[in-house]
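Try each task before you read its solution.

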Amino acid sequence: MNSFKDYVFSEKIPEDCNRPMVVKALSKTSGKFFAMKYFPAESLKNIEKKTIYRLINVLSSLYHPHITYINEIMYKANPDEAFIALEWCDGSSVKNTLDRFSTLPEKLVGRYTYEIIKGLEFLHSQGQVHKNLKAANLLLASGVLKLSDFGLSAEVSTCSISEHPYWAAPEVIESRTFSNKSDIWSMGATIIELLTGKPPFAELPPEEARIKILNETPPIPAKASAHLQDFLCACFAKNPDERPSTEECYNFFFVKKAMEELGEKHEAAPKTTLRPIPNRLSMLPTPQKDRPRMNIDDFHFSDSDSNEPAKPPKDVNQQHLSAPVMKKTGLAKFENNDDDDSGLDIKSRINSKLGNDGKPKIQIQPTVVTNMQQISRGELRDDDIDDGVEDEDFNFKKQQMPTSTVNSPRRVAFIGIPDEDTAAPKTNQTINSATFDFNNIKTQKKEIEGNDELKQFQDDEAEPFSDFATTEEPLHISLPVQKRVINFDLINDSDENDEELFAHRIEVEEMKKRLIIVIKSISTTMTTEEMAFAFSEVLDIIKKDGSVRSCIIEQQGLMPIIEIIEFGKSLPEKLVLEVIYEIINNHKKLKENFCLLGGIPPVLKFLKDTNYSKEIRSLAMKITSEICRSNDEGQKNETNDNIQMFISCNGIAALVESLQFDIDEESDLVLQSIKSINEILIAKSGIQVSDFCRLFMSAGLIEPLSRVLIQLVNKPKIRDMQAIDTVCEIMHKLSQADTKVKIAMAEKDVMVNIVHCMYDPKTDQVRRELPINDILLLCKAIKENVVSDTRDLLAAAGVMQMACAMVKAEFDKTHAVAIHANLIQVLSSMCKLSKERLEVVARSNLISSLKPYLDSDTELKALVMYMLIDFPKVAFQNKDVMKQLIADKLIEIYISTLTQQYWGARAMAAIAMLASDPDFHVYPILMTPESLNRIRDGIDSVNYENAPTMLQRLNEICKNSKDFVLVLTDQTFLNTIRAKLSTAKMLPSDSQIPVAILELIATIFSDMDKTQLQKLEKSFTPDIKVFADKGNIKQKGTALKILKFFGS
C-alpha cells in the first residue's frame, strides 16, 4: 500500500504549514509526476471527519476529461492530514495565462466556457458542487481545460470565503448556501475574470464587495458581444432558480458558437463514471474494491433465433423482460369471417362476432413494430394490440388468413421471471395460433395466479401485458422494470364483464360519431335556437365522457366552432364558450390546435367588450387562463407555443385591461386575470422572464396590479388570500427584471400602494393583514428595486419610514431574520450619498433593534455598520438627533469594533469626528477603563492596511484632550507604540505608517513632563534616530521634533 513516503517531493513541506499547498511529486513506483496537494491539520479542523470521509470517497471514483482526476488519496488521523495525488497539468492554470497576457480574447473565453460547462455538468450529475470556481482553479493539460480544487479543497476554501467573495453567489455570501446554481454564478464571474483580467468588484475590499454582490448585479464588460452579455445576464440572476442549469447553458448562442468551432455536439453527462482508484481510507465503511461495478452479465438479451434459455439478471430487484413488441393492425380478425355483415348496424355487427355463449370468437394476429421510436416515446399501449375489436372505426372486411399462419406453429418469447431453483425462465414456447383465444389466456392466468413463488413479484399497478402469437419472427427487446410479471387483470373471468367491455367501447365510438356529426352540422346560417340545441348536445357528450374529445382533432372539428364565434350572429354565447372550455380544458393538443386555428382573437373579443354580461366575460377569461396554463401541472420552463400565440394576439393588453374592471363588481374577472399573468411568467425562465416583464411593463401592468393588491388588502369582503399570494409573487418577479422595469415599479403611485399594504404612515405602525410569506416577498421586491436610478423615487414613496418601522417590529422567529435582512439592505443602500435619507434612519431610534445583528457573523453586521459609521455625517445638521444616538450607546458600539480589522479604523474616524465637538461629551466615554483597553487593543492588533487611518485618527483625538493622553499612555500602551515603531523601520520609504506613528508619539510626548520623558528616552531614542538619519523628509522632520523633547 502506497503512502506519501512513496513520492519524491520537489520541495519540502514546512513544518509550520497551516494552509493547503501543492507540491510537484514523483511517484517512486510509476515514475510519473503528480500534483500532490497537502492538507495540514489546521486547514481541516473546521470540517467534520464524516464530511472528509464522504468527500474523499466520492472524489476517488470520479473521472472526466474536463476535471483533474485523482490518482491516489492518503489520509491519516490524529492529527488529521491528507495528501491527494492529482493529475499533473503541464500547462499550469488559466490564472497564470492571465498574469502573462492580462486578458483573453472572447473566442478563447468561449472555448474555455464550453469546457467549464462540460466539467460542471459531470460534477452536477454526480451530485457534487464545485464551490470554488475561478481562473486559478482552471488547469490546462495539453490545451484541454480541467476543473480542479473541488470537493475537499472547496470545503476548506469556503471557510475563508469572506476574504475572497468576488466569485461567490449572493446566497453563498448571505447564508453559505451552495448549489448547482451557485456554480453557474461563479462561472459568470470567472468569464468576466478571463475577459477583463479581474473578477467583478475586484477593485473593492472584501467587505464592500460582499455588499455589492448582495445588492447589485455585477457589471457586464462593455467589450463583450451581445450573445455573451445575454449569457452573463442569465448567470447573474439574483434568484438561483432563474439561472440556467448546465444543460440549459448549451441553448445559449454564445455556447453554441463555441461548440460549433470545436466541432462538438452536446451529449448529456453520464450518470455514473466509476474507475478503480487506490483509496487509503481504512475507516471508510465501503472500501473501493467492494463497490458494485457495471457488468455485461447484468443485462438480459433475447435472441429469437436461439433455442438456448436466456440468462437471468443477477439483481432480482431489476428484472429484464423480453417480449415481442406488437402494434395495432387496424382490422379485426374473427374466426368466423365467411359472412358479409357490412349491412348490419354497429351493435349487430359486434353481436355477430359472439358465440352462442356470448364469448367473442377472436383470433389474435399481431404485427411486429418496425418503428422503435414508438417504444422510446412511450407510445405503445395495451390497446395497441389487435384484440378483435376496432378502436377507431368499424369497417370490418373479410380477410382470408394465410394457411401458413393457421397450420404453422410459431415461437413466442414469453416474459420470464427467474425463480430460485432455475437458472432462467422458460422462453420461446410453441403454440398453435389457430387455437389461441381468451379461454387459453384465462387458463394461463389461473395457473400463474396459483404460483406462490411469483406472487412476490406481482405489482397491482403494473400495466397489463398480453401473450401473443405472430406470423413473423418476433422482434425482441430488453426493458428494465421493477418486479413486474404478466398482468391479466384486463381479462375478466365473467362473461358479463366481457360483454360490458365491448358495450362500453361501442358506446364510446357511437358518441364520437355523434359528436363529429353534430359539430360538422354547425354553421353560421343556423338560427340561435338551432345553435343552442347543437351546442347543448356537444356539451352533454363531452361531459359524459371526456375521452371522446380526441376525435375532434382528427376530424377537424374545431374549425366550425371557431368560425361560429368569429363570424356568427345571434349566438348563444354562454353555451358556445362553455363548449370551447370543456373541449380544451386540460388537453394539450386541443389547446394548441385551437390557438393555431385562430381561436384566441374571438375569445379576447368577448373578454374586452364590456357590452357582454359579466358571465360571458368570465367564461372568456376562463378560456384565456386555460390557454396560458402550463400543459402539465407544476411543470415550468417548458416551451409553450400557446403563450407565444396569445401574446402575438395582443393578449397581454387584454389581461391588463381586465385589471381595470371594478373589483367590487367583477372580482372573478380580475382574479382570473392575475392568475393568467402569473401562468405566463412561470412558464418561462431566466432571461425570458425579464423579456416578459418588459412586455407587461410596456402594456401598463404594474400600476393597476399594485392598485388591485391594496384593494384586496383593504377590503375584507373581496379579500382572496390566494390572489394576494399570486400578486406578491408577480411583484417579486418584476423586481428582478432590468432597470427600466425597476424604475416603473419605483414610481410613486406603484410603490405607495406596495408600502401601504405593510405600513400605515398615519400611525407609524406595521400592518398585519398580509401573510408573513407575502410580506417577505414584497420586502425582497423593494430590496431588488433599490438602484441608483430609483433611490429618490423610493424615498418619496415612504420606503425609508416603512423599513425603519418594520425593522423595529417583531415577527415570528422563522421569518424575522429574513425580513429584517432585506429591510436592512434597503436602508443601507438608500442611505448612500444622501444625508437626508441617512437622517431619516438616525431619527428612527433603530440602534437597539440593530444591536443583535452586530453580534452575528453575517453580512447583516456589515450592512448595519455601514449605516452606523455614517451617522456622524448628520451630527452637524441636527445635533439633537446625534445626542440621542450617543445616548443610545453609539460611541460604545464604535469602541467595541476597534479590534476588528476593517471596521476598527472607520470606527476610530467616527469617534474622532464626534470628539471634535465638545457638545457631544465624547471624552468621558473614551476614558472609562473598558474603553481605554479597547483602544489599546485596537492599536496593538491593527494590520498594515488600516494602521495609518487608525493612528492618524487617534492622534486627532489625543490633540484635543491632555487628560485623555495621560490616562491612555500607560506602560503597556507605550510598549505597543514602541514595538510598532521598531517594526516600521523595515517598511518601504513611501509607507504612511512610520509618519503616523511618529506624529502620534510627538503628540503624546508634548503633554509629558521632563521626568516622564527621561524614563522613555533610552527606549525610544535608537529607533527615532534611524528615521532622523535615513527617513524621508516628513519622517526626518517629525523624528527631529521628538528628539528635541529629549534635549538631543
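**Exercise 1.** How many aromatic pairs does a search of the whole structure find?

*Solution.* Keep in mind that this is a predicted model. The search turns up eleven aromatic pairs.

**Exercise 2.** Work out what kind of pair Phe-231 and Phe-252 make, and where the two residues sit.

*Solution.* 
- Step 1: the ring centres are 5.3 Å apart, and the cut-off for pairing is within 6.5 Å.
- Step 2: the planes stand at 65°. Planes over 60 degrees apart count as edge-to-face, so that's what this pair is.
- Step 3: now find them in the chain. Phe-231 belongs to helix H9 (residues 226-235), while Phe-252 lies in the loop between helix H10 (246-249) and helix H11 (253-262). They are 21 residues apart, so the pair links distant parts of the chain.
- Step 4: check burial, where the cut-off is under 20% relative accessible area. Phe-231 has 0%, so it is buried; Phe-252 has 17%, so it is buried too.
- Step 5: look for a further partner.

**Exercise 3.** Describe how helices H49 and H50 pack.

*Solution.* 
- Step 1: H49 (residues 1010-1030) and H50 (residues 1033-1045) have axes 9 Å apart, at an angle of about 155°.
- Step 2: angles over 145 degrees count as roughly antiparallel, so H49 is roughly antiparallel to H50.
- Step 3: their crossing is left-handed.

Notes:
Residues numbered from 1 in each chain as written. Predicted model: local features only at pLDDT ≥ 70, side-chain atom pairs only at ≥ 80, totals over all residues. Heavy atoms only, no water. Phe/Tyr/Trp six-rings, centres within 6.5 Å; stacked < 30°, edge-to-face > 60°. Helix = DSSP H or I, 4+ residues; strand = E, 2+ residues; numbered from the N terminus. Buried < 20%, exposed > 50% of the residue type's maximum accessible area, 1.4 Å probe, protein only. Axes fitted to C-alpha atoms, helices over the stretch in contact; angles between N-to-C directions. Parallel < 35°, antiparallel > 145°, perpendicular 65-115°, else oblique. Left-handed = near helix turned anticlockwise from the far one by under 90°.
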